[in-house]
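Here is a short briefing for a first look at this protein. Keep the sequence and the 3D view side by side as you read.

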Amino acid sequence: MANTLSPMPAHAHSEQAPNYTFALTSLTTLFFMWGFITCLNDILIPHLKGVFDLSYSQAMLVQFCFFGAYFLVSVPSGYLIKRVGYQKGIVLGLVIAAIGCALFYPAAAVFSYPVFLFALFVLASGVTLLQVSANPYVSNLGPAKTASARLNLTQAFNSLGTTVAPFFGALLILDQASQALSSAQSADVVKLPYLLLASALLVLAAIFAWLKLPDLQQQTDPDPVSVTDSTVWQHRHLVLGVGAIFLYVGAEVAIGSFLVSFLSLETIASLSEHQAAQYIAYYWGGAMVGRFIGAGLLHKIDAGKMLAFNAIMAVALLVVTLLASGALAMWAILLVGLCNSIMFPTIFSLAINQLKHHTSQGSGLLCLAIVGGAIVPLLQGVLADQFGVQLSFALPVICYLYIAYYGVFGSRVVSKV
(Lines give C-alpha, C1' and ligand atoms only; values in the text may rest on other atoms or scores of the structure.)
Protein backbone atom coordinates (compact mmCIF):
# COMPACT_ATOMS: atom_id res chain seq x y z
CA MET A 1 0.00 0.00 0.00
CA ALA A 2 1.26 3.46 -0.78
CA ASN A 3 2.38 5.26 2.34
CA THR A 4 0.31 8.41 2.09
CA LEU A 5 2.11 9.87 5.08
CA SER A 6 5.51 9.89 3.36
CA PRO A 7 7.63 11.73 2.65
CA MET A 8 7.19 13.76 5.82
CA PRO A 9 9.56 16.25 7.40
CA ALA A 10 11.54 14.73 10.26
CA HIS A 11 10.16 17.21 12.79
CA ALA A 12 6.55 16.43 11.76
CA HIS A 13 7.16 12.72 12.23
CA SER A 14 8.66 13.20 15.67
CA GLU A 15 5.67 15.30 16.76
CA GLN A 16 3.03 12.87 15.46
CA ALA A 17 4.55 9.45 16.18
CA PRO A 18 4.11 9.48 19.99
CA ASN A 19 0.39 10.07 19.52
CA TYR A 20 -0.24 7.08 17.25
CA THR A 21 -0.51 4.53 20.06
CA PHE A 22 -3.06 6.67 21.91
CA ALA A 23 -5.00 7.28 18.68
CA LEU A 24 -5.12 3.55 17.85
CA THR A 25 -6.19 2.73 21.39
CA SER A 26 -9.04 5.26 21.17
CA LEU A 27 -10.16 3.95 17.78
CA THR A 28 -10.49 0.37 19.06
CA THR A 29 -13.61 1.46 20.97
CA LEU A 30 -15.26 2.39 17.65
CA PHE A 31 -14.40 -0.96 16.08
CA PHE A 32 -15.86 -2.67 19.16
CA MET A 33 -19.12 -0.70 19.00
CA TRP A 34 -19.89 -1.20 15.33
CA GLY A 35 -19.03 -4.90 15.65
CA PHE A 36 -21.46 -5.14 18.55
CA ILE A 37 -24.22 -3.32 16.65
CA THR A 38 -23.73 -5.31 13.43
CA CYS A 39 -23.82 -8.67 15.23
CA LEU A 40 -27.08 -7.81 16.99
CA ASN A 41 -28.71 -8.15 13.55
CA ASP A 42 -28.13 -11.92 13.85
CA ILE A 43 -30.38 -11.82 16.94
CA LEU A 44 -32.91 -9.41 15.39
CA ILE A 45 -33.48 -11.59 12.30
CA PRO A 46 -34.97 -14.65 14.07
CA HIS A 47 -36.73 -12.34 16.56
CA LEU A 48 -38.46 -10.20 13.91
CA LYS A 49 -39.09 -13.27 11.75
CA GLY A 50 -41.17 -14.71 14.57
CA VAL A 51 -42.83 -11.43 15.61
CA PHE A 52 -44.01 -10.53 12.09
CA ASP A 53 -44.32 -14.12 10.73
CA LEU A 54 -41.83 -13.56 7.89
CA SER A 55 -40.27 -15.87 5.29
CA TYR A 56 -36.46 -16.24 5.29
CA SER A 57 -36.09 -13.84 2.37
CA GLN A 58 -38.34 -11.26 4.06
CA ALA A 59 -36.35 -11.59 7.31
CA MET A 60 -33.12 -10.99 5.38
CA LEU A 61 -34.39 -7.49 4.54
CA VAL A 62 -32.85 -6.64 7.94
CA GLN A 63 -29.39 -7.16 6.44
CA PHE A 64 -30.48 -5.68 3.09
CA CYS A 65 -31.42 -2.36 4.71
CA PHE A 66 -28.44 -2.37 7.07
CA PHE A 67 -25.75 -3.09 4.50
CA GLY A 68 -27.58 -1.26 1.73
CA ALA A 69 -26.71 1.89 3.67
CA TYR A 70 -23.02 1.21 2.98
CA PHE A 71 -23.70 1.40 -0.75
CA LEU A 72 -25.78 4.58 -0.57
CA VAL A 73 -23.88 6.47 2.13
CA SER A 74 -20.20 5.62 1.50
CA VAL A 75 -19.60 8.16 -1.28
CA PRO A 76 -21.39 11.07 0.48
CA SER A 77 -19.46 10.11 3.64
CA GLY A 78 -16.18 10.44 1.76
CA TYR A 79 -17.04 13.96 0.60
CA LEU A 80 -18.11 14.87 4.13
CA ILE A 81 -14.85 13.60 5.65
CA LYS A 82 -12.91 15.62 3.08
CA ARG A 83 -14.69 18.76 4.34
CA VAL A 84 -14.72 18.17 8.11
CA GLY A 85 -11.83 15.74 8.73
CA TYR A 86 -11.63 12.25 10.18
CA GLN A 87 -12.35 13.18 13.80
CA LYS A 88 -15.51 15.22 13.18
CA GLY A 89 -16.65 12.50 10.77
CA ILE A 90 -16.32 9.95 13.58
CA VAL A 91 -18.34 12.14 16.01
CA LEU A 92 -21.11 12.71 13.44
CA GLY A 93 -21.20 8.99 12.63
CA LEU A 94 -21.68 8.15 16.31
CA VAL A 95 -24.53 10.67 16.65
CA ILE A 96 -26.35 9.36 13.55
CA ALA A 97 -25.96 5.76 14.78
CA ALA A 98 -27.40 6.80 18.16
CA ILE A 99 -30.45 8.32 16.40
CA GLY A 100 -30.93 5.04 14.51
CA CYS A 101 -30.88 3.07 17.79
CA ALA A 102 -33.38 5.47 19.37
CA LEU A 103 -35.77 4.92 16.42
CA PHE A 104 -36.25 1.30 17.55
CA TYR A 105 -38.51 2.64 20.31
CA PRO A 106 -41.18 4.12 17.97
CA ALA A 107 -40.77 1.14 15.62
CA ALA A 108 -41.76 -1.21 18.43
CA ALA A 109 -44.49 1.17 19.65
CA VAL A 110 -46.26 1.26 16.26
CA PHE A 111 -45.51 -2.47 15.66
CA SER A 112 -44.24 -1.89 12.11
CA TYR A 113 -41.60 -3.97 10.29
CA PRO A 114 -40.96 -1.18 7.71
CA VAL A 115 -40.22 1.28 10.55
CA PHE A 116 -37.77 -1.23 12.03
CA LEU A 117 -36.07 -1.42 8.63
CA PHE A 118 -35.88 2.39 8.43
CA ALA A 119 -34.32 2.52 11.92
CA LEU A 120 -31.73 -0.04 10.80
CA PHE A 121 -30.93 2.04 7.71
CA VAL A 122 -30.33 5.19 9.81
CA LEU A 123 -28.23 3.21 12.29
CA ALA A 124 -26.17 1.70 9.47
CA SER A 125 -25.67 5.13 7.86
CA GLY A 126 -23.91 6.25 11.03
CA VAL A 127 -21.82 3.07 11.14
CA THR A 128 -20.89 3.60 7.46
CA LEU A 129 -19.59 7.09 8.24
CA LEU A 130 -17.53 5.56 11.07
CA GLN A 131 -16.08 2.91 8.73
CA VAL A 132 -15.20 5.39 5.97
CA SER A 133 -13.44 7.53 8.60
CA ALA A 134 -11.72 4.90 10.70
CA ASN A 135 -10.42 2.25 8.26
CA PRO A 136 -8.20 4.54 6.15
CA TYR A 137 -7.29 6.52 9.29
CA VAL A 138 -5.91 3.36 10.93
CA SER A 139 -4.11 2.41 7.69
CA ASN A 140 -2.35 5.78 7.68
CA LEU A 141 -1.36 5.75 11.36
CA GLY A 142 2.11 4.36 10.73
CA PRO A 143 4.26 2.56 8.12
CA ALA A 144 2.51 1.18 5.03
CA LYS A 145 4.14 -2.25 5.36
CA THR A 146 2.40 -2.87 8.70
CA ALA A 147 -1.02 -1.51 7.65
CA SER A 148 -2.49 -5.05 7.44
CA ALA A 149 -1.28 -5.84 10.94
CA ARG A 150 -2.73 -2.59 12.34
CA LEU A 151 -6.10 -3.13 10.70
CA ASN A 152 -6.15 -6.73 11.93
CA LEU A 153 -5.44 -5.55 15.48
CA THR A 154 -8.26 -2.98 15.48
CA GLN A 155 -10.57 -5.45 13.71
CA ALA A 156 -9.86 -7.89 16.55
CA PHE A 157 -11.68 -5.48 18.86
CA ASN A 158 -14.45 -5.30 16.26
CA SER A 159 -14.69 -9.08 16.72
CA LEU A 160 -14.73 -8.68 20.50
CA GLY A 161 -17.91 -6.64 20.01
CA THR A 162 -19.43 -9.34 17.80
CA THR A 163 -18.51 -11.99 20.41
CA VAL A 164 -20.17 -10.16 23.31
CA ALA A 165 -23.29 -9.07 21.39
CA PRO A 166 -24.98 -12.52 21.09
CA PHE A 167 -25.08 -12.90 24.90
CA PHE A 168 -26.48 -9.38 25.24
CA GLY A 169 -29.08 -10.07 22.52
CA ALA A 170 -30.01 -13.53 23.81
CA LEU A 171 -30.55 -12.19 27.33
CA LEU A 172 -32.33 -8.90 26.60
CA ILE A 173 -34.15 -9.78 23.36
CA LEU A 174 -34.74 -13.50 22.69
CA ASP A 175 -35.07 -14.55 26.35
CA GLN A 176 -37.52 -11.72 27.09
CA ALA A 177 -39.43 -12.36 23.83
CA SER A 178 -39.96 -16.02 24.79
CA GLN A 179 -41.88 -14.83 27.87
CA ALA A 180 -44.04 -12.34 25.94
CA LEU A 181 -47.76 -13.07 25.74
CA SER A 182 -48.34 -11.40 22.35
CA SER A 183 -46.47 -10.33 19.20
CA ALA A 184 -46.77 -6.66 20.24
CA GLN A 185 -45.21 -7.41 23.64
CA SER A 186 -42.51 -9.42 21.90
CA ALA A 187 -41.69 -6.44 19.65
CA ASP A 188 -41.40 -4.19 22.72
CA VAL A 189 -38.41 -6.10 24.12
CA VAL A 190 -36.03 -4.32 21.70
CA LYS A 191 -36.77 -0.92 23.27
CA LEU A 192 -34.46 -1.21 26.29
CA PRO A 193 -31.36 -2.72 24.61
CA TYR A 194 -31.39 -0.20 21.74
CA LEU A 195 -31.97 2.76 24.06
CA LEU A 196 -28.94 1.57 26.06
CA LEU A 197 -26.95 1.43 22.81
CA ALA A 198 -28.09 4.94 21.83
CA SER A 199 -26.88 6.25 25.20
CA ALA A 200 -23.50 4.53 24.84
CA LEU A 201 -23.00 5.95 21.34
CA LEU A 202 -23.79 9.49 22.49
CA VAL A 203 -21.26 9.15 25.34
CA LEU A 204 -18.64 7.97 22.80
CA ALA A 205 -19.49 10.92 20.53
CA ALA A 206 -18.87 13.33 23.42
CA ILE A 207 -15.54 11.64 24.20
CA PHE A 208 -14.33 11.75 20.59
CA ALA A 209 -15.36 15.39 20.29
CA TRP A 210 -13.06 16.08 23.26
CA LEU A 211 -10.07 13.86 22.35
CA LYS A 212 -6.96 15.30 20.68
CA LEU A 213 -6.23 12.91 17.79
CA PRO A 214 -3.46 13.33 15.15
CA ASP A 215 -4.81 15.35 12.22
CA LEU A 216 -3.88 13.34 9.12
CA GLN A 217 -6.31 15.15 6.84
CA GLN A 218 -3.65 17.37 5.30
CA GLN A 219 -1.31 14.45 4.67
CA THR A 220 -3.73 12.15 2.88
CA ASP A 221 -5.25 12.20 -0.58
CA PRO A 222 -6.55 15.69 -1.37
CA ASP A 223 -9.39 14.22 -3.42
CA PRO A 224 -12.60 13.08 -1.70
CA VAL A 225 -13.63 9.43 -1.67
CA SER A 226 -15.08 9.19 -5.14
CA VAL A 227 -15.80 6.69 -7.88
CA THR A 228 -16.00 9.30 -10.62
CA ASP A 229 -12.28 9.24 -11.48
CA SER A 230 -12.08 6.59 -14.20
CA THR A 231 -8.32 6.08 -13.75
CA VAL A 232 -8.88 4.36 -10.41
CA TRP A 233 -10.46 1.45 -12.32
CA GLN A 234 -7.15 0.79 -14.09
CA HIS A 235 -5.78 -0.89 -10.96
CA ARG A 236 -6.64 -4.57 -11.50
CA HIS A 237 -5.87 -5.62 -7.91
CA LEU A 238 -8.26 -2.94 -6.63
CA VAL A 239 -11.12 -3.91 -8.94
CA LEU A 240 -10.77 -7.60 -8.06
CA GLY A 241 -10.44 -6.58 -4.40
CA VAL A 242 -13.80 -4.82 -4.60
CA GLY A 243 -15.30 -8.16 -5.70
CA ALA A 244 -13.49 -9.95 -2.85
CA ILE A 245 -14.83 -7.54 -0.21
CA PHE A 246 -18.36 -7.84 -1.69
CA LEU A 247 -18.32 -11.64 -1.50
CA TYR A 248 -16.48 -11.85 1.83
CA VAL A 249 -18.86 -9.51 3.68
CA GLY A 250 -21.80 -11.22 1.98
CA ALA A 251 -20.68 -14.70 3.03
CA GLU A 252 -19.75 -13.71 6.59
CA VAL A 253 -23.05 -11.88 7.17
CA ALA A 254 -25.16 -14.59 5.50
CA ILE A 255 -23.66 -17.33 7.68
CA GLY A 256 -24.17 -15.28 10.86
CA SER A 257 -27.72 -14.44 9.82
CA PHE A 258 -28.71 -18.10 9.44
CA LEU A 259 -26.90 -19.54 12.46
CA VAL A 260 -29.86 -19.39 14.86
CA SER A 261 -32.20 -20.98 12.29
CA PHE A 262 -29.59 -23.61 11.34
CA LEU A 263 -28.79 -24.63 14.93
CA SER A 264 -32.54 -24.81 15.67
CA LEU A 265 -33.00 -27.57 13.06
CA GLU A 266 -33.80 -31.01 14.52
CA THR A 267 -31.16 -32.66 12.31
CA ILE A 268 -28.43 -30.29 13.56
CA ALA A 269 -28.70 -29.33 17.25
CA SER A 270 -32.45 -28.81 17.94
CA LEU A 271 -31.69 -25.77 20.11
CA SER A 272 -34.16 -23.10 21.19
CA GLU A 273 -33.58 -19.63 19.68
CA HIS A 274 -32.26 -18.37 23.03
CA GLN A 275 -29.73 -21.25 23.25
CA ALA A 276 -28.74 -21.03 19.58
CA ALA A 277 -28.09 -17.28 19.87
CA GLN A 278 -25.37 -17.90 22.44
CA TYR A 279 -23.52 -20.17 19.99
CA ILE A 280 -23.18 -17.22 17.60
CA ALA A 281 -20.48 -16.03 20.02
CA TYR A 282 -18.32 -19.00 18.95
CA TYR A 283 -18.60 -17.97 15.29
CA TRP A 284 -17.64 -14.35 15.93
CA GLY A 285 -15.27 -15.30 18.77
CA GLY A 286 -13.29 -17.42 16.32
CA ALA A 287 -12.85 -14.33 14.15
CA MET A 288 -11.60 -12.40 17.18
CA VAL A 289 -9.01 -15.02 18.17
CA GLY A 290 -7.86 -15.37 14.56
CA ARG A 291 -7.38 -11.60 14.19
CA PHE A 292 -5.15 -11.37 17.26
CA ILE A 293 -3.09 -14.27 15.91
CA GLY A 294 -3.16 -12.84 12.37
CA ALA A 295 -1.92 -9.43 13.55
CA GLY A 296 1.31 -11.19 14.56
CA LEU A 297 1.60 -13.69 11.69
CA LEU A 298 1.09 -11.08 8.97
CA HIS A 299 4.42 -9.52 9.94
CA LYS A 300 6.07 -12.75 8.74
CA ILE A 301 3.72 -14.44 6.24
CA ASP A 302 2.67 -13.13 2.82
CA ALA A 303 -0.81 -11.59 3.21
CA GLY A 304 -2.14 -13.00 -0.09
CA LYS A 305 -1.10 -16.57 0.72
CA MET A 306 -2.57 -16.37 4.21
CA LEU A 307 -5.84 -15.05 2.77
CA ALA A 308 -6.03 -17.94 0.27
CA PHE A 309 -5.29 -20.54 2.96
CA ASN A 310 -8.09 -19.24 5.18
CA ALA A 311 -10.54 -19.16 2.26
CA ILE A 312 -9.80 -22.79 1.29
CA MET A 313 -10.28 -23.88 4.92
CA ALA A 314 -13.65 -22.06 4.95
CA VAL A 315 -14.70 -23.93 1.79
CA ALA A 316 -13.76 -27.28 3.38
CA LEU A 317 -15.75 -26.52 6.54
CA LEU A 318 -18.80 -25.42 4.53
CA VAL A 319 -18.72 -28.65 2.51
CA VAL A 320 -18.85 -30.54 5.84
CA THR A 321 -21.75 -28.30 6.90
CA LEU A 322 -23.65 -29.15 3.71
CA LEU A 323 -23.10 -32.90 3.90
CA ALA A 324 -23.05 -33.71 7.64
CA SER A 325 -25.59 -33.46 10.45
CA GLY A 326 -25.63 -33.13 14.23
CA ALA A 327 -22.66 -31.78 16.20
CA LEU A 328 -20.23 -32.20 13.25
CA ALA A 329 -22.24 -29.85 11.02
CA MET A 330 -22.78 -27.42 13.91
CA TRP A 331 -19.09 -27.06 14.79
CA ALA A 332 -18.03 -26.98 11.15
CA ILE A 333 -20.15 -23.88 10.47
CA LEU A 334 -19.05 -22.21 13.71
CA LEU A 335 -15.36 -22.76 12.85
CA VAL A 336 -15.79 -20.79 9.62
CA GLY A 337 -15.59 -17.73 11.89
CA LEU A 338 -11.94 -18.54 12.62
CA CYS A 339 -11.24 -18.62 8.88
CA ASN A 340 -12.98 -15.26 8.40
CA SER A 341 -10.68 -13.63 10.95
CA ILE A 342 -8.07 -11.90 8.79
CA MET A 343 -10.07 -11.62 5.58
CA PHE A 344 -11.60 -8.13 5.64
CA PRO A 345 -8.54 -6.14 6.78
CA THR A 346 -6.20 -8.21 4.60
CA ILE A 347 -8.31 -7.79 1.44
CA PHE A 348 -8.68 -4.09 2.23
CA SER A 349 -4.95 -3.46 2.59
CA LEU A 350 -4.04 -5.63 -0.44
CA ALA A 351 -6.59 -3.79 -2.59
CA ILE A 352 -5.30 -0.28 -1.76
CA ASN A 353 -1.64 -1.36 -2.06
CA GLN A 354 0.39 1.11 -4.17
CA LEU A 355 -2.65 3.20 -5.17
CA LYS A 356 -0.80 6.39 -4.17
CA HIS A 357 -3.05 9.40 -4.90
CA HIS A 358 -5.96 7.04 -5.65
CA THR A 359 -5.95 5.62 -2.09
CA SER A 360 -9.09 7.42 -0.93
CA GLN A 361 -11.01 6.52 -4.11
CA GLY A 362 -9.94 2.91 -3.55
CA SER A 363 -11.10 3.04 0.07
CA GLY A 364 -14.43 4.45 -1.09
CA LEU A 365 -14.95 1.65 -3.60
CA LEU A 366 -14.11 -0.97 -0.99
CA CYS A 367 -16.61 0.54 1.45
CA LEU A 368 -19.23 0.51 -1.32
CA ALA A 369 -18.52 -3.20 -1.79
CA ILE A 370 -19.70 -3.90 1.77
CA VAL A 371 -23.15 -3.87 0.11
CA GLY A 372 -22.40 -7.58 -0.37
CA GLY A 373 -23.77 -7.91 3.15
CA ALA A 374 -27.13 -6.77 1.76
CA ILE A 375 -27.22 -8.86 -1.42
CA VAL A 376 -25.72 -12.27 -0.51
CA PRO A 377 -27.88 -12.93 2.61
CA LEU A 378 -31.00 -11.99 0.63
CA LEU A 379 -30.01 -14.49 -2.09
CA GLN A 380 -29.35 -17.13 0.56
CA GLY A 381 -32.78 -16.35 2.03
CA VAL A 382 -34.36 -17.13 -1.33
CA LEU A 383 -32.38 -20.41 -1.47
CA ALA A 384 -33.43 -21.26 2.10
CA ASP A 385 -37.11 -20.73 1.24
CA GLN A 386 -36.73 -22.98 -1.82
CA PHE A 387 -34.30 -25.72 -0.70
CA GLY A 388 -33.97 -25.43 3.08
CA VAL A 389 -31.51 -23.69 5.38
CA GLN A 390 -28.76 -26.34 5.22
CA LEU A 391 -28.49 -26.47 1.43
CA SER A 392 -28.52 -22.66 1.23
CA PHE A 393 -24.93 -22.67 2.59
CA ALA A 394 -23.76 -23.67 -0.91
CA LEU A 395 -23.81 -19.95 -1.75
CA PRO A 396 -21.01 -18.94 0.68
CA VAL A 397 -18.86 -21.76 -0.78
CA ILE A 398 -18.77 -19.89 -4.12
CA CYS A 399 -17.85 -16.66 -2.31
CA TYR A 400 -14.85 -18.20 -0.53
CA LEU A 401 -13.58 -19.86 -3.71
CA TYR A 402 -13.30 -16.41 -5.31
CA ILE A 403 -11.51 -15.05 -2.23
CA ALA A 404 -8.95 -17.86 -2.48
CA TYR A 405 -8.36 -16.89 -6.12
CA TYR A 406 -7.89 -13.25 -5.10
CA GLY A 407 -5.35 -14.15 -2.44
CA VAL A 408 -3.14 -16.13 -4.84
CA PHE A 409 -3.58 -14.29 -8.15
CA GLY A 410 -5.98 -11.32 -8.03
CA SER A 411 -4.13 -9.33 -5.36
CA ARG A 412 -0.91 -9.06 -7.39
CA VAL A 413 -0.10 -5.47 -8.39
CA VAL A 414 0.23 -5.39 -12.17
CA SER A 415 2.54 -2.62 -13.39
CA LYS A 416 0.94 -0.12 -15.78
CA VAL A 417 2.73 1.56 -18.64
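This is a predicted model: local features need pLDDT of at least 70, side-chain atom pairs count only at pLDDT 80 or more; totals for chains, interfaces and linings use all residues.

Glu252 touches Tyr283, Trp284, Arg291, Asn340 and Tyr400, leaving aside residues up to four places away in sequence. Glu252 belongs to helix H10. Its relative accessible area is 10%, under the 20% cut-off, so Glu252 counts as buried.

**Confidence**
- The mean pLDDT of the protein is 86. A pLDDT of 70 or more is reached by 91% of the residues.
- Among the elements, helix H16 has the highest mean pLDDT, at 97. Helix H1 (residues 10-51) has the lowest, at 78.
- Residues 1-19 have a pLDDT below 50. This stretch still has 35 contacts in the model beyond near neighbours in sequence.
- Residues 218-227 also stay under 50 in pLDDT. For them the model has 32 contacts beyond four places in sequence.

**Helices H16 and H17**
- Two packed helices are described by the angle between their axes and the distance between the axes.
- Helix H16 covers residues 372-387, and helix H17 covers residues 394-410. Their axes come within 9 Å and cross at roughly 145°.
- H16 brings Val376, Leu379, Gln380 and Leu383 to the contact. H17 brings Leu395, Pro396 and Cys399.
- Six of the contact residues are nonpolar and one is polar. None is charged.

**Aromatic pairs**
- The structure holds 20 aromatic pairs.
- Phe66 and Phe67 form an edge-to-face pair, because their ring planes stand at 65°, over the 60 degrees required. The ring centres are 5.2 Å apart.
- Both partners are buried: Phe66 has a relative accessible area of 0%, and Phe67 has 3%.
- Phe262 and Phe393 also pair edge-to-face. Their centres are 5.1 Å apart, with 75° between the planes.
- This second pair links distant parts of the chain, 131 residues apart. Phe262 is in helix H10 (residues 236-263), while Phe393 is in the loop between H16 and H17.
- Phe262 is buried, at 0% relative accessibility. Phe393 is buried too, with a relative accessible area of 0%.

**An aromatic cluster**
- One aromatic cluster is formed by Phe52, Phe104, Phe111, Tyr113, Phe116 and Tyr194.
- Where is Phe111 placed? Phe111 is in the loop between helix H5 (104-109) and helix H6 (113-140).
- Phe111 has a phi near 50°, a positive value in a residue other than glycine.
- The relative accessibility of Phe111 is 32%, so this residue counts as partly exposed.

**Charges over rings**
- The charged end of Lys49 sits over the ring of Tyr56. It is 4.5 Å from the ring centre.
- Lys191 lies over the face of Tyr105, at 4.5 Å from the ring centre.

**A positive phi at Lys356**
- Lys356 is not a glycine, yet its phi is positive, at about 55°.
- Lys356 is found in the loop between helix H14 (343-351) and helix H15 (359-368).
- Is Lys356 buried or exposed? Its relative accessibility is 58%, so Lys356 counts as exposed.

Conventions: Residues are numbered from 1 along each chain as its sequence is written. Side-chain values use heavy atoms; hydrogens and water are left out. Axes are lines fitted to C-alpha atoms, for helices over the stretch in contact, and angles run from 0 to 180 degrees between N-to-C directions. Helices (H or I, at least four residues) and strands (E, at least two) are DSSP runs, numbered from the N terminus. Contact means heavy atoms within 4.5 Å. Ala, Val, Leu, Ile, Met, Phe, Trp, Tyr, Cys and Pro count as nonpolar, Asp, Glu, Lys and Arg as charged, and the others, Gly among them, as polar. pLDDT is the predictor's confidence in each residue, from 0 to 100. Rings of Phe, Tyr and Trp (its six-membered ring) pair if their centres lie within 6.5 Å; planes under 30 degrees apart count as stacked, over 60 as edge-to-face and the rest as tilted. Buried means under 20% relative accessible area, exposed over 50%, partly exposed in between (1.4 Å probe, protein chains only). A charge sits over a ring if NZ of Lys or CZ of Arg is within 6 Å of the ring centre and within 35 degrees of the ring normal.
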